[in-house]
Amino acid sequence: MSKIIKDGYNDKECEGNSQKYHTGEKCIELGCNNPAGTAWSPYWCMDCNIKRMDKISKQFEDMVEKFNSK
Ligand SMILES: [Zn+2]
């Protein structure tokens, strides 16, 4: 479980995750019927966007770690 960033992509109370950003489309994630659109991407719903960004930041951390250990 990653920590919640205030007003960040994983802050469910953040305005960027509010209905204001919903596009009226459904999330592009297969099998997900949530409304798509956050401040971070118009294609994913809030939950899928959080998972997606968690993965990206994890990959980034791994990369930095690798780099620093050289
Ligand atoms: Zn979704």
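User: What span should the 23 residues of H1 have at 1.5 Å a residue, and how far apart are its end C-alpha atoms?

Analyst: This is a predicted model, in which local features need pLDDT of at least 70, side-chain atom pairs count only at pLDDT 80 or more, and totals for chains, interfaces and linings use all residues. Residues are numbered from 1 along each chain as its sequence is written. Because the expected span of a helix is 1.5 Å times one less than its number of residues, H1, with its 23 residues, should span 33 Å, and this agrees with the distance between its end C-alpha atoms, which is 32 Å.

User: How many helices and strands does the protein chain have?

Analyst: Helices (H or I, at least four residues) and strands (E, at least two) are DSSP runs, numbered from the N terminus. By that rule the protein chain has 1 helix and 0 strands.

User: Which residues of H1 are buried?

Analyst: A residue is buried if 20 or more other C-beta atoms, placed from the backbone, lie within 10 Å of its own, exposed if 12 or fewer, and partly exposed in between. Asn-49, which is found in helix H1, is buried because 24 other C-beta atoms lie within 10 Å. The buried residues of H1 are Met-46, Asn-49 and Ile-50.

User: Leaving aside neighbours within four places in sequence, which residues is Asn-49 in contact with?

Analyst: Two residues are in contact if their C-beta atoms, placed from the backbone, lie within 7 Å. Apart from those sequence neighbours, the contacts of Asn-49 are Tyr-9, Thr-38, Trp-40, Ser-41 and Trp-44.

User: Which residues make up the largest nonpolar core?

Analyst: A nonpolar core is a set of buried Ala, Val, Leu, Ile, Met, Phe, Trp, Tyr and Cys residues joined through C-beta atoms within 7 Å. Ile-50 touches Tyr-9 and Asn-10, when residues up to four places away in sequence are not counted. The largest such core has 7 residues, namely Tyr-9, Cys-27, Ala-36, Trp-44, Cys-45, Met-46 and Ile-50.

User: Is Ser-69 buried or exposed?

Analyst: Ser-69 is found in the segment after helix H1 (46–68), and its C-alpha lies 31 Å from that of Trp-40, 29 residues apart in sequence. Because Ser-69 has 6 C-beta neighbours inside 10 Å, it counts as exposed.

User: What is the phi of Asp-7 near?

Analyst: Asp-7 is found in the segment before H1, and it counts as exposed because it has 12 C-beta neighbours inside 10 Å. Its phi is a positive value in a residue other than glycine, near 60°.
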